[in-house]
Amino acid sequence: MKIYTSYFGNAKALAKNNIMIVSIACWQPRFLSIPYVMGNVAPTPWMVKKASHQQYLDAYQQILSKVNPFEFINSLEHISGGRDVALCCYEKPGDFCHRHLLAEYLTKNTGVEVTEFETTPPAPKKPEKIEPPSLFDDL
């Protein structure tokens with residue numbers, strides 16, 4: 001089982017890749033039917049609406065301190081039947097989000113790499129264009 005992070009806007013791409021969505025948001029999207037919610041790692045409404053950035057970080061560390069990372073991963077494996085999962089919420093990949101904090105926590109404490117799901121593979125690097133020497137370089 002591979003564990004990804006992603007956002008609800010990626011639902012079609014996740015389904016196309018047979019990746020099960022597990023919500024880790026404090027509010028569930030109305031536009032998706034998500035059978036699995038891991039509310040124990042969701043931020044609180046206060047954190048989302050009123051907390052400063054530092055207050056959010058401190059409060060989320062308190063949430064993570066109550067989560068056994070190995071039990072969390074075992075729960076994911078149990079509910080997914082070993083299928084790949086994506087821990088999802090609302091924020092786009094480049095935005096600050098608790099799912100990145102959760103991914104870092106799980107990776108650091110279990111060695112299981114949790115990465116952001118990429119919908120498009122990175123473009124291959126183009127070779128540098130090499131200019132032939134000019135006949136007039138020495139003039």
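This report describes a strand, a helix and a pocket in a predicted model.

Strand β3, which covers residues 85-89, has five of its five residues buried, so it is largely enclosed by the rest of the structure. In a regular strand the side chains alternate between the two faces of the sheet. In β3, Val85, Leu87 and Cys89 point one way while Ala86 and Cys88 point the other way, and all of these residues are buried.

Two strands pair with β3. Strand β1 (residues 3-7) runs in the parallel sense with β3 over five bridges, and within this pairing serine 6 stands opposite cysteine 88. Strand β2 (residues 20-23) also pairs with β3 in the parallel sense, over four bridges, with isoleucine 21 having alanine 86 of β3 as its bridge partner.

## Helix α4

Helix α4 comprises the twelve residues 69-80, which at 1.5 Å a residue should span 16 Å, and the distance of 17 Å between its end C-alpha atoms agrees with this. The buried residues of α4 are Pro69, Phe72, Ile73, Leu76 and Ser80; seen down the helix axis, they fall within an arc of 95°, so they line one face of α4. An α-helix has 3.6 residues a turn, so residues three or four places apart point the same way. On the face of α4 turned away from the buried side lie the exposed residues Glu71 and His78.

## The largest pocket

The largest pocket holds about 200 Å³ of space and is lined by 14 residues, of which Pro43, Val48, Tyr56, Glu91 and His98 lie nearest its centre. By residue class, the lining of this pocket divides into twelve nonpolar residues, one polar and one charged.

Notes: Residues numbered from 1 in each chain as written. Predicted model: local features only at pLDDT ≥ 70, side-chain atom pairs only at ≥ 80, totals over all residues. Heavy atoms only, no water. Buried < 20%, exposed > 50% of the residue type's maximum accessible area, 1.4 Å probe, protein only. Pairing = 2+ DSSP bridges. 1 Å grid on protein atoms, 1.4 Å probe; cavity = no way out; pocket = protein on both sides within 12 Å on 5 of 7 lines; lining within 4 Å. Points joined across faces, edges and corners; volume = space filled by probe spheres on them. Nonpolar A, V, L, I, M, F, W, Y, C, P; charged D, E, K, R; others polar. Expected span 1.5 Å × (residues − 1). Arc of directions from axis to C-beta.
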